[in-house]
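Please read them with the coordinates open.

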Amino acid sequence: MPSEYYLNGQALSDFGFVPGHAPGSNLALSGAWDMPARRGDTSYTWQEENGIEPYVEQEDILFDTRSIKLVGSISASDRTVFWNRLEAFRAFVESLPAVFELRCDWAVRRVSRRAEMRADVKNGRVALITLAFTESEPDISGLPPLQWILATGVWNEHGTWMDSAPWYIVSKNDTGSGIDMWLWDSLGLVLNSVNGEGVVSTMRSLQVTQPARGTIIAPGGREARELTLVGMLIADNLVDFEKRVRSLYWLFGSAGLRTLHRYGREIDCFAHSGFVLTGIQKRDRIYAKLSVKLTEVE
């Protein structure tokens with residue numbers, strides 16, 4: 001049975017709305033768990049130096065709005081019934097207040113409707129509906145994930161010691177991969193790739209004026225390298241999914257730089273574009289593809 005979706009407390013099934021599937025997903029909702037990009041200036045470029053100067057103090061970190069989409073359909077075998085349903089639904093969407101609640105089994109969000117409700121009508125009996133929303137003040141609060149403790153063989157919260165047991169953490173001496181002191185397993189993430197690792201960034205060109213020769217081009221510092229982490233987030237259930245997503249909020253939204261550990265190398269970086277979770281699948285477990293862009297800091 002399809003999940004029920006509510007806008008401003010109104011069940012959308014009352015209008016004959018049937019939830020669909022977002023691209024690559026078996027959910028109708030997308031974007032509701034993305035971490036939005038930071039707003040304002042996130043760095044400064046010194047033209048003569050390599051990379052950039054990051055702004056990663058707590059007061060520098062402000063986040064933009066979040067975009068959410070809901071897809072579904074309205075249909076009827078009788079054209080008159082179909083158009084009555086569609087017109088009633090359109091009138092309802094137009095009547096929504098400036099800010100209202102979007103609610104389903106998966107999430108509750110305070111949103112506003114964006115400019116358009118798109119309805120592609122097929123054969124005069126089916127309308128494919130896309131509703132776009134903006135969440136002005138997304139809640140991206142989070143907590144550290146769980147970490148594996150060697151001596152006791154259990155997962156526990158960072159900072160809670162058990163019989164002085166050592167943490168199973170990543171370091172520059174490890175041949176594996178992680179971020180800061182965290183194993184990817186701690187975040188429920190299977191890392192597939194880090195795109196851009198082999199890139200040599202372009203050199204900046206500086207214009208230098210000399211009276212005898214006019215303006216010449218001189219080499220400056222290299223541009224900052226962009227890395228894109230791609231992986232699969234895996235959770236046991238809805239509660240676990242929410243917990244793991246909030247651990248990612250905490251990781252990529254916290255002040256300071258992150259340190260990637262890649263086969264004995266350390267790469268300092270920060271996330272200014274947030275991250276996206278796509279292709280969410282609810283099966284025996286919950287799966288979602290994570291993509292996050294990181295800017296390297298030399």
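1. A pocket, in the sense used here, is an open set of points on a 1 Å grid where a 1.4 Å probe fits, with protein on both sides within 12 Å along at least five of seven lines. In this predicted model, the second largest pocket has a volume of about 220 Å³.

2. At least two lining residues come from each of strand 4 (29–30), strand 7 (66–75) and strand 21 (275–282).

3. Strand 21 also holds glutamine 281, which counts as buried because its relative accessible area of 15% is under 20%. The side chain of glutamine 281 reaches the backbone oxygen of glycine 24 at 2.8 Å, and it makes a further polar contact, at 3.4 Å, with the side chain of asparagine 26. Although glutamine 281 and asparagine 26 are 255 residues apart along the chain, their C-alpha atoms are separated by 5.4 Å.

4. Which backbone oxygen does the side chain of arginine 109 reach? That of alanine 32, at 3.0 Å. Arginine 109 lies in strand 9 (residues 108–122) and is buried, with a relative accessible area of 10%. Leaving aside residues up to four places away in sequence, the residues that arginine 109 touches include Trp33, Arg66, Phe100 and Glu135.

Technical notes
Residues are numbered from 1 along each chain as its sequence is written. This is a predicted model: local features need pLDDT of at least 70, side-chain atom pairs count only at pLDDT 80 or more; totals for chains, interfaces and linings use all residues. Side-chain values use heavy atoms; hydrogens and water are left out. Helices (H or I, at least four residues) and strands (E, at least two) are DSSP runs, numbered from the N terminus. Buried means under 20% relative accessible area, exposed over 50%, partly exposed in between (1.4 Å probe, protein chains only). A polar contact is a pair of N or O atoms within 3.5 Å; within protein, one must be able to donate a hydrogen and the other to accept it, and residues adjacent in sequence count only if both atoms are side-chain atoms. Contact means heavy atoms within 4.5 Å. On a 1 Å grid over the protein atoms alone, a cavity is a set of points where a 1.4 Å probe fits but cannot get out, and a pocket is an open set with protein on both sides within 12 Å along at least five of seven lines; lining residues have an atom within 4 Å of a point. Grid points are joined across faces, edges and corners, and a volume is the space filled by probe spheres set on the points.
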